[in-house]
Amino acid sequence: MKLKPSTYQTAIIKAVEENLAKPIKNGITVNALAGSGKSTLLVMIANVLKRYGIRPEEVAVLAFGNKNKADLSKKFQEKLGTEWSESVRTIHSLGYQLYRDALFVRHKLVKIQDWKYARIAERKGWMTDKNGFVGKLVENDIPAIRDEQEFIRLLELLRLYCYEPTTENVAALNGEYRLSIINNEVVAQAAKECLEAGEDEAIFRYIIDRVDMCYLPWKQKDNSPFSDVIAKLRRQLKVIMVDESQDTDQLQIELIASLIEPGQSFIIAVGDHYQSVYHFRGCLNNGMEILGKRFNCINFDLPINYRCGQVHLELVREIFPHIHILARPDAPTGEIRVISNKDLEQEDHLIYVSLTRVLANGSDESGILYLVLREREDGVMFPSWLPEKYCQLWNFN
């Protein structure tokens with residue numbers, strides 16, 4: 001049976017159609033709550049683009065991570081065919097393509113080293129090397145940084161935030177991520193030397209790490225040959241779709257911006273800002289908001305959940321009243337059962353199977369949501385945010 005688009009999906013599709021006809025195009029952001037069908041929406045949008053004569057090579061669908069990429073590519077394959085499935089990629093693979101095209105280098109000649117910047121820092125004497133020669137960052141009684149490994153983390157963050165390695169920027173990241181830096185000026189000088197050496201290695205020796213895949217094309221975007229390959233792809237693309245866009249970092253946003261031409265192309269960013277949890281890895285807490293401002297986006301909501309029963313979503317709204325998540329019109333009532341950790345220890349087969357399904361698929365085929373309630377030593381029930389009426393469902397005896 002063909003799924004009828006909701007009024008929310010229809011409004012988004014209409015906005016895409018209108019945008020295609022505009023001389024200057026807006027971006028589109030979609031705040032898609034959990035279980036609201038983000039992947040389904042992206043397939044719907046791609047189908048609209050296909051009907052309007054846009055070819056797969058004129059669309060980039062950027063997924064967060066290889067697993068999400070594989071899942072989304074499979075859905076595009078099933079609904080739209082192989083050519084459209086090849087439009088789905090990670091943003092790192094996009095940056096890596098630009099890097100290789102700019103330098104005209106084959107994949108097998110590129111050395112991808114996760115330890116690249118540690119090696120550079122050791123070679124330049126900033127970090128303690130494998131022979132035990134003490135690095136300049138920690139050689140004094142008052143070190144420039146307490147933990148040398150956090151210097152490598154700093155080099156990653158400077159690139160992810162598109163920051164120059166200045167004393168002020170080092171201080172800002174030190175405060176934000178608590179990197180145990182004591183002397184910002186010395187650490188900034190070390191970072192400058194290491195990042196410059198890293199650029200040289202990437203361009204002349206084809207040695208990169210994962211962040212470099214996006215960093216080099218962005219850093220060199222105004223210099224040929226990088227500017228040439230970026231301009232070529234910018235002329236080719238008409239739509240860039242970003243899945244899980246709440247997990248973007250500043251570097252990814254800047255790289256996407258270099259590929260957008262408002263008179264020809266636009267971005268469609270789909271994500272759930274309530275699920276932005278990767279700040280510790282350098283992602284932005286407010287990535288959806290920054291995308292919206294950067295690309296002059298019109299914002300839409302996608303609040304209908306297609307996974308859960310009505311009582312499950314009532315519980316969500318009760319605990320998180322600011323999240324306006326809705327059940328689909330034909331959603332089952334569902335059921336909530338409260339169990340204890342002791343129940344789990346009994347290895348009840350039916351409970352075990354159900355919980356396994358919940359963890360693997362986000363739902364239980366039987367429509368039952370299990371809440372695990374634990375009693376602390378002081379007699380207080382945990383989790384404490386669980387409404388009292390659900391606690392009463394559990395037999396404490």
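This is a short tour of a predicted model, going from its sheet to a helix beside the sheet, then to a lysine and finally to the cysteines.

Begin by selecting the six strands of the open sheet, which follow one another in the order β3-β2-β6-β7-β1-β8 and pair in a parallel fashion. At the edges you will find β3, residues 88-90, and β8, residues 297-302; each has a single partner strand, so one side of each is left without a neighbour in the sheet.

Next, select strand β2, residues 59-63, which runs parallel to β3 and is joined to β3 by three bridges. Within this pair, Ala63 stands opposite Thr90 of β3.

Move on to Lys116, which lies in helix α6, residues 116-123. Is Lys116 buried or exposed? Lys116 counts as buried, because its relative accessibility is 0%, and a residue needs to be under 20% to be called buried. Leaving aside neighbours within four places in sequence, the residues in contact with Lys116 include Glu201, Asp209 and Asp212, as well as Gly198 and Ile207.

Finally, select the cysteines, among which the count of disulfides comes to zero. Cys162 is in no disulfide, for the nearest cysteine sulfur, that of Cys214, is 9.7 Å away, whereas a disulfide needs the two sulfur atoms within 2.5 Å. Cys162 counts as buried at 17% relative accessibility, and Cys283 also counts as buried, at 6%.

How values were computed. Residues are numbered from 1 along each chain as its sequence is written. This is a predicted model: local features need pLDDT of at least 70, side-chain atom pairs count only at pLDDT 80 or more; totals for chains, interfaces and linings use all residues. Side-chain values use heavy atoms; hydrogens and water are left out. Buried means under 20% relative accessible area, exposed over 50%, partly exposed in between (1.4 Å probe, protein chains only). Helices (H or I, at least four residues) and strands (E, at least two) are DSSP runs, numbered from the N terminus. Contact means heavy atoms within 4.5 Å. Two strands pair if DSSP finds at least two bridges between them.
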